[in-house]
Amino acid sequence: MTEPHRARLGLGTAQFGLDYGVSNTRGRVGETEVLNILDTAAINGVTLVDTAAAYGDAERALGRSWPFPSPFQVVTKTLRLSEGLDRIEHRARRSLERLGVARAQALLVHSAEDLHGAEGRALWARLEKLKGEGLFQQIGFSAYAEDDPATLARRYNADVVQVPCSLLDQRLVRDGTLDRLASQGVEVHLRSVFLQGLLFLDRENLPAALSGAGPRLSRIRRALAEAGADPLQAALAFALDRPEASAAIVGVTSAAELRAIIAASHQPSPRLDWTALSLDDTAALDPRTWAAASVSSAA
């Protein structure tokens, strides 16, 4: 009997270099805890690590903390196109140095918006050059729902595309984008699978920019409770069970958080009406709202 598809769990590292996330009360992860998190990941077979040049000192923190020999496959991302093509290429090479690796699994354009512009082809050519040199096995981009990622992936023949998808944000499932990406042979990595922890925030703790989502979030949490489903387990099951996805990236601020996520990911998937649990709140699903909320929560 064929085993049901399950995406692999990947480790996001924005918190290793930044005070990042609306629900993050711990701040930037210290180097000792980075070591603990990587040890926990390695022991439990979580070998995909996602980082970026824009994540502060995250690449350097990882480079100082890998176990030896390292079992990890690393995905990193470019600077923005506004930095210039030469600077982007130089920084991608520098990313490998900071990470302490000779080559990485993938290099992604950090913002798909950069590929829509006049210099998109020139930017992609730089990534193809780096891949051709054997520095990165795959190239791709990170996108929002508004970027039409399936069309963009076909235009550039991307190997990997990273997109937001979660129990609360099911837009790319409903409009067929994930299915289109998978049918094109693209490796799909899901990010924001906890929508920055929004599902776990009490209504009274929501940032002002997200307060409009409070009533709907309360109803979703109540529906999960009535079904006897743990919110963490449900959120993970929704992402890991997506047949179109190859990986689901989760960010943590401690080894204890990662252990809890790994334990929850091994539990049987709850039987739920997933479509009834989506947020469908325009403001809460808008990345500009999240940017404003992150700034206000850090202030």
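I began with Asp 57, which is buried at a relative accessible area of 19%; I count a residue as buried under 20% relative accessible area, as exposed over 50% and as partly exposed in between, using a 1.4 Å probe and protein chains only. I note that this is a predicted model, in which local features need pLDDT of at least 70 and side-chain atom pairs count only at pLDDT 80 or more, while totals for chains, interfaces and linings use all residues. Residues are numbered from 1 along each chain as its sequence is written, and side-chain values use heavy atoms, with hydrogens and water left out.

**Entry 1: charged pairs**

I looked up the partner of Asp 57 and found that its side chain meets that of Arg 28 in a salt bridge, at 3.8 Å from N to O. Asp 57 sits in the loop between β2 (48–50) and α2 (58–63) and Arg 28 in the loop between β1 (8–12) and α1 (31–43), so this pair ties together parts that are 29 residues apart in sequence. Here a salt bridge is a side-chain nitrogen of Lys or Arg within 4 Å of a carboxyl oxygen of Asp or Glu, and helices (H or I, at least four residues) and strands (E, at least two) are DSSP runs numbered from the N terminus.

I then turned to Glu 59 and Arg 98, whose side chains form a salt bridge at 3.4 Å, N to O. This pair links distant parts of the chain, since Glu 59 belongs to helix α2 and Arg 98 to helix α3 (residues 85–99), 39 residues apart. Glu 59 is buried with a relative accessible area of 0%, and Arg 98 is buried too, with 13%. I also saw that salt bridges with shared partners join Arg 28, Glu 31, Asp 57, Glu 59, Arg 60, Arg 64, Arg 91 and Arg 98 into one network.

How many salt bridges does the structure hold? I noted 23. Another of them joins the side chains of Glu 244 and Arg 242 at 2.9 Å, N to O, and both of these residues are buried.

**Entry 2: the nonpolar cores**

Next I looked at the largest nonpolar core, which has 91 residues, and wrote down that Phe 141, Leu 190, Leu 198, Leu 224, Leu 236 and Leu 279 touch the most other members. Helix α10 (residues 231–240) gives the most to this core, with seven residues. A second, separate core of seven residues includes Val 75, Leu 108, Ala 247 and Ile 249. By nonpolar core I mean a set of buried Ala, Val, Leu, Ile, Met, Phe, Trp, Tyr and Cys residues joined through side-chain atoms within 4.5 Å.

Why is α10 described as largely enclosed by the rest of the structure? I found that nine of its ten residues are buried, so the helix is largely enclosed. What covers these buried residues includes β1, α7 (171–174), β7 (187–191), α9 (214–226), β8 and α11.

I checked α11 (255–265) as well: Ala 255, Leu 258, Ile 261, Ile 262, Ala 264 and Ser 265 are buried in this helix, and they pack against β1, α1, α10 and β8 (247–251).

**Entry 3: a cavity and a pocket**

Grid points are joined across faces, edges and corners, and a volume is the space filled by probe spheres set on the points.

I found one cavity of 30 Å³ or more, and the largest cavity has a volume of about 30 Å³. The residues lining the largest cavity are Ser 166, Leu 167, Leu 168, Val 193, Phe 194, Leu 195, Leu 199 and Ala 235.

The second largest pocket has a volume of about 190 Å³, and its lining includes Arg 6, Asn 44, Leu 240, Ile 262 and His 266. The elements that give two or more residues to this lining are β1 and α11.

**Entry 4: His 5**

Lastly I looked up His 5, which lies in the segment before β1 and counts as partly exposed at 37% relative accessibility. Leaving aside neighbours within four places in sequence, His 5 is in contact (heavy atoms within 4.5 Å) with Leu 240, Asp 241, Arg 242, Pro 243 and Ala 245.

Terms used
On a 1 Å grid over the protein atoms alone, a cavity is a set of points where a 1.4 Å probe fits but cannot get out, and a pocket is an open set with protein on both sides within 12 Å along at least five of seven lines; lining residues have an atom within 4 Å of a point.
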